[in-house]
Amino acid sequence: MPRLYEAEAYDTAHWPDSHWRATAPPAPDCPALTSSARADIAIIGAGYAGLNAALELAEGFGRDVAVLEAGQPGWGASGRNGGFVCAGSSKLSDRAIRARVGAAGAQAFADFQAASVARVAHNLTRYGIDADKGPEGELALAHSPRAWTRMQAAPLDPGARLLPPDALREAGLYAPRFHGGVLEPLGFSIHPLKYALGLAQAAHSAGVRTYGNSAVRDLTPQGDGWLLRTDHGTLRAGKVLIATNGYTDERLPPWLARRVLPVLSNILVTRPLSPAEQSAQGWTSRVMAYDTRRLLHYFRLLPCGRFLFGARGGFSARPSALKEFEATARAEFEILFPGFAAARTERSWSGLVCLTGSLAPYAGSVPGADGLHAALGWHGNGVAAASEAGRRMAALMAEGRQTLPALLRQAPPRIPLPRRAMLRAGMAVLRGLDGPVARIKQA
Ligand SMILES: Cc1cc2nc3c(=O)[nH]c(=O)nc-3n(C[C@H](O)[C@H](O)[C@H](O)COP(=O)(O)OP(=O)(O)OC[C@H]3O[C@@H](n4cnc5c(N)ncnc54)[C@H](O)[C@@H]3O)c2cc1C
């Protein structure tokens with residue numbers, strides 16, 4: 001099976017009806033590849049990973065780069081995410097990371113995550129991208145008394161602050177079902193599609209050729225490089241980077257089959273909330289936040305006064321299933337933010353994030369395929385990580401210079417079980433462990 005979900009999830013003829021698409025400046029469509037072209041390096045996928053790699057290869061290493069994108073730049077997760085620029089690109093615990101790559105490797109991964117956040121800030125400045133950058137910091141909210149006890153017992157990172165409910169209220173970050181929180185200094189929010197389109201524009205200015213509506217159908221070794229076929233053209237390139245994350249076609253190359261686990265994530269955005277409504281709820285801050293559930297919710301107030309609320313846990317991209325998933329997310333939103341319950345959903349959409357068989361991202365070469373590389377598996381937190389890993393992949397591909405942390409260099413194993421059944425069972429277990437959000441209304 002080349003892809004895990006129904007065809008609707010991969011229909012690049014349509015953009016999701018997202019708040020981002022409604023509020024980003026219009027961008028000219030990139031034309032399709034309709035000829036036999038050549039490039040030093042081909043990149044498949046024009047999201048943050050592919051565009052950052054393309055920019056670094058062109059600007060930093062003077063390479064001739066062509067990007068092939070099935071839709072248009074930012075069509076994938078990069079144009080439809082929550083806009084949290086944050087750490088968290090692995091699902092492994094700190095202890096598991098140390099067991100896998102040692103203390104120095106764990107520190108290198110922590111440094112990579114901090115560098116990833118800084119990379120996005122740097123990109124915004126360097127390319128003059130106005131992406132509605134929000135305040136610094138990210139708030140984790142304890143969803144249960146037990147989570148709050150654990151939070152209080154855990155060592156605090158430098159610059160982090162514990163916030164009991166009173167302090168949350170004072171900070172304008174209050175919702176009655178949370179028991180306390182910890183505000184980490186790392187991270188900030190952005191308009192994700194403005195960032196993606198800004199990168200695409202910068203890549204164009206740097207001489208990168210980006211072909212839209214150009215899904216790669218076939219990838220074969222040819223001479224000392226690779227031949228990529230699209231519906232209307234071909235591209236020959238010495239090296240290739242696969243940067244397709246949750247939208248990966250698992251035949252390209254077959255090595256990828258069953259090493260990735262795409263997972264649906266859903267976002268709803270309300271109508272604008274008046275200052276009085278915000279004050280009545282106790283949530284007036286623009287700091288971004290998430291809760292400590294295993295199937296977490298993430299949320300933030302947008303600069304326009306609308307509220308963004310995200311949830312994970314759908315199993316199917318069929319419209320009826322997505323509607324059900326949206327209804328559950330909406331019910332949970334109303335329980336967690338009763339003061340906002342009167343604000344209807346203005347837009348709701350979903351997209352695919354990407355887990356891997358190792359529960360960590362992979363950025364490196366494809367074993368047994370000279371010149372073929374992949375960078376994917378950001379575990380739902382790729383705004384920052386995909387940006388920085390794309391940059392570091394460029395150094396690896398252009399000069400063989402390895403700057404990626406060891407955790408990202410370990411190829412993920414194949415996932416042995418049927419993945420959708422595994423997801424369904426896994427999510428049921430996680431939901432059980434999290435406990436009900438409380439009195440969830442039926443769709
Ligand atoms: C609803 C949602 C909310 C999220 N929220 C956050 C968040 O707040 N913070 C955070 O850090 N992360 C978040 N993420 C995850 C984040 O968006 C991704 O990790 C990140 O955008 C991945 O970037 P990428 O470039 O690797 O992949 P993508 O942006 O998904 O790009 C991959 C591209 O590859 C293209 N493609 C696939 N196959 C082919 C082919 N054969 N030929 C040509 N092109 C192809 C696709 O069309 C797609 O555009 C969220 C994701 C979703 C879906």
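A polar contact here is a pair of N or O atoms within 3.5 Å, where within protein one atom must be able to donate a hydrogen and the other to accept it, and residues adjacent in sequence count only if both atoms are side-chain atoms. With that in hand, let me start at His191, whose side chain makes such a contact with the side chain of Thr23 at 2.9 Å.

Before I go on, this is a predicted model, in which local features need pLDDT of at least 70 and side-chain atom pairs count only at pLDDT 80 or more, while totals for chains, interfaces and linings use all residues. Residues are numbered from 1 along each chain as its sequence is written, and side-chain values use heavy atoms, with hydrogens and water left out.

His191 sits in the loop between strand S7 (188-189) and helix H6 (192-205); helices (H or I, at least four residues) and strands (E, at least two) are DSSP runs, numbered from the N terminus. The residue is buried, with a relative accessible area of 2%, where buried means under 20%, using a 1.4 Å probe and protein chains only. Its side chain also reaches the backbone nitrogen of Lys194 at 3.1 Å. Leaving aside residues up to four places away in sequence, His191 touches Trp20, Thr23, Ala24, Ala131 and Asp132, contact meaning heavy atoms within 4.5 Å.

Now to the ligand: which residues come nearest to it? Of the 37 residues around the ligand, they are Glu69, Ser78, Phe84, Val216 and Trp378, and a residue counts as near if one of its heavy atoms lies within 4 Å. A polar side-chain atom of Ser78 is 2.5 Å from an oxygen atom of the ligand, and a side-chain N or O atom of Trp378 is 2.9 Å from a ligand oxygen atom. Arg3 places a polar side-chain atom 3.2 Å from a nitrogen atom of the ligand. Taken alone the ligand exposes 1,000 Å², of which the protein buries 99%, with areas from the Shrake-Rupley method and a 1.4 Å probe. As for secondary structure, the largest share of the shell, three residues, comes from S16.

Finally, helix H8 (residues 319-336) has 18 residues, which at 1.5 Å a residue should span 26 Å, and its end C-alpha atoms are 25 Å apart, which agrees; the expected span is 1.5 Å times one less than the number of residues. Its buried residues include Leu322, Phe325 and Ala329, and among the elements covering the buried residues of H8 are strand S16 (345-356) and helix H11 (419-434).

Definitions and conventions:
Buried < 20%, exposed > 50% of the residue type's maximum accessible area, 1.4 Å probe, protein only.
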